[in-house]
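Hi,

Here is the structure I promised to pass on. Have a look at it first, and my notes follow below.

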Amino acid sequence: VYLVLMLLYYKAGAGDLPEIVRPGIYPLLLVLYTSTKLIFPLRTRRPLWKSVFEVVTSPLRSPTFYNVFMADVFTSMIKVFQDLLWTICFFLSGDFLKCDTDMSEGNGELKLWQQ
């Protein structure tokens, strides 16, 4: 799925595919697919989300070694979390629907999140 969507994005951006859908839709589909795989199947992902909840609420109760270890891993993943935030801002702003030519011919205004 990852390879197919990234190849479709590349080919659509290069103009090799007919523009039935905008090229920015392919990365959106990839993010949605990855998000659903992170959540579902819920029965096997429940321990992961329980651990994340325990790490977030650890200031309110006594942390275990596992919680401290998970929190340390989270502090090492700051760049990953920052990239996730940029991805969310990119999709919420609607800029993924614009082509590269649409962005270069703008009036020079920056969006609020780009400043």
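P27 sits in helix α2, and leaving aside residues up to four places away in sequence, P27 touches Y9 and F91 (contact means heavy atoms within 4.5 Å). P27 and F91 are 64 residues apart along the chain, yet their C-alpha atoms are separated by 9.4 Å.

Before you go further, some housekeeping. This is a predicted model, in which local features need pLDDT of at least 70 and side-chain atom pairs count only at pLDDT 80 or more, while totals for chains, interfaces and linings use all residues. Residues are numbered from 1 along each chain as its sequence is written, and side-chain values use heavy atoms, with hydrogens and water left out.

Now the overall picture. The protein has six helices and zero strands, in the order α-α-α-α-α-α along the sequence (helices are DSSP runs of H or I with at least four residues, strands are runs of E with at least two, and numbering goes from the N terminus). Of the 115 residues, 17% are buried. Among contacts with a separation of 6 or more, 36% are between residues 24 or more positions apart. The accessible surface is about 9,200 Å², with 68% of that belonging to carbon and sulfur atoms (Shrake-Rupley method, 1.4 Å probe).

Next, the helix packing. The axes of α2 and α3 come within 7 Å and cross at roughly 85° (axes are lines fitted to C-alpha atoms, for helices over the stretch in contact, and angles run from 0 to 180 degrees between N-to-C directions). The two helices, α2 and α3, are therefore roughly perpendicular to each other (65 to 115 degrees). K37, L38 and I39 of α2 meet L42, R45, L48 and W49 of α3. These residues divide into five nonpolar, no polar and two charged.

The loop between α2 (25-39) and α3 (42-56) holds P41, and the peptide bond from F40 to P41 is cis, with omega near 0°.

On to α3 and helix α4 (residues 65-76): their axes come within 9 Å and cross at roughly 90°. That contact involves S51, V52, E54 and V55 of α3 with Y66, N67, M70, A71 and F74 of α4.

Cheers

Note on methods: Buried means under 20% relative accessible area, exposed over 50%, partly exposed in between (1.4 Å probe, protein chains only). Angles under 35 degrees count as roughly parallel, over 145 as roughly antiparallel, 65 to 115 as roughly perpendicular and the rest as oblique. Ala, Val, Leu, Ile, Met, Phe, Trp, Tyr, Cys and Pro count as nonpolar, Asp, Glu, Lys and Arg as charged, and the others, Gly among them, as polar.
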